[in-house]
Amino acid sequence: MHTSAAASSDRQGSLEVRVYAELNDFLPPRSRFSILRRPVRPHQTVKDVVEAAGIPHTEVDLLLVNGESVEFGHRPRPGDRLAVYPVFESLDIAPLTRVRPEPLREPRLLADVNLGGAARLLRLMGLDVRCEFDADDACLAEISATDHRILLTRDRGLLARRIVTHGIFVRAGRPVEQTVEVIDRLDLSRRLAPLTRCLRCGAPLADVAKADIIDRLPPHTRHEHHVFHRCTGCNRIYWAGTHQQRLDQLVDRIMSRIRSAPTAPAPPRAPGPDR
């Protein structure tokens, strides 16, 4: 009798949660692809329940409570059934309530310290990426919100901060794979413009006359090269030097792995950095 009453009490103070697809990566192995029972209190929202289970809210695109789509602010009741879905690649959920904000009009990115290699490669591909390697989590969250940048991180706790509205948890472990993952998940393949940004600061490159920078060039470069670009941010000079072939091969390697790579010819590439 005592056991039955305890079980009844547990059902009254909890709800049933089912997590779908890759969102199971955020759960302990023993809890993946199974029905979970999570405690719920009167003041809690479905967003609170999802994040308490270890799933960053920025990874969730659709929530169903008892089969009805709801927003993050919905307050579930004990006994409810909550289904949590990631971003859909092909299923049309337009009639339902998508809980993720609309994509930012311009894809501006912010990388944390664990994604320094990927940040450099994303810049190589022509994307606007800001890096703040000395910033703590609170500062990164603030920059993401105020500068309207999509936060890239491998820190689930950082994405759980309420102020962060646009962000993704990067699953891949190596820079090239991380770069491809970000481009694919954010559908950025048609916005790529390889070798058009500074790898050091991320600002766009601009044409510059040789005569305007000749005093900054090594003697050999003055005689062998005639096309130059200058960073509009840090003033670094770029030309097609000894690293050009390696950079071109790296760009081609990344492009070959992007699922949504456009079939049209890639945009012209500027010379890579030689200093």
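These are my notebook entries on a predicted model of one protein chain.

**Ground rules.** I number residues from 1 along each chain as its sequence is written, and side-chain values use heavy atoms, with hydrogens and water left out. Because the model is predicted, I take local features only at pLDDT of at least 70 and side-chain atom pairs only at pLDDT 80 or more, while totals for chains, interfaces and linings use all residues.

**Overall.** I looked up the secondary structure first. The chain has nine helices and twelve strands; these are DSSP runs numbered from the N terminus, helices (H or I) of at least four residues and strands (E) of at least two. Of its 275 residues, 44% are buried, meaning under 20% relative accessible area with a 1.4 Å probe, protein chains only. I also checked contacts (heavy atoms within 4.5 Å). Among those with a separation of 6 or more, 62% are between residues 24 or more positions apart.

**Cores.** Next I looked up the nonpolar cores, which are sets of buried Ala, Val, Leu, Ile, Met, Phe, Trp, Tyr and Cys residues joined through side-chain atoms within 4.5 Å. The largest has 35 residues, and Leu152, Ile183 and Ile254 have the most contacts inside it. Elements that each supply at least two of its residues include strand E8 (150–153), helix H6 (175–185) and helix H9 (244–257). A second, separate core holds 30 residues, among them Val17, Val19, Leu23 and Val164. I then listed the contacts of Leu152 beyond four places in sequence: they include Leu109, Leu110, Leu122, Ile168 and Val182.

**Sheet.** I traced an open sheet of five strands in the order E2-E1-E5-E3-E4, with mixed pairing; strands pair if DSSP finds at least two bridges between them. E2 and E4 (68–69) are the edge strands, each pairing on one side only. E3 (residues 62–65) runs antiparallel to E4, and two bridges join them. Leu64 stands opposite Ser69 of E4.

**Gln44.** I found Gln44 in the loop between E2 (35–39) and helix H2 (46–52). It counts as buried because its relative accessibility is 13%. A polar atom of the Gln44 side chain lies 3.0 Å from the backbone nitrogen of Arg41. Outside four places in sequence, Gln44 touches Pro39, His74, Arg75 and Pro76.

**Thr58.** I looked up Thr58 in the loop between H2 and E3. Thr58 has 4% relative accessibility and therefore counts as buried. A polar atom of the Thr58 side chain is 3.3 Å from the backbone oxygen of Gly167.

How values were computed:
Buried < 20%, exposed > 50% of the residue type's maximum accessible area, 1.4 Å probe, protein only. Polar contact = N/O pair within 3.5 Å; in protein donor to acceptor, adjacent residues only side chain to side chain.
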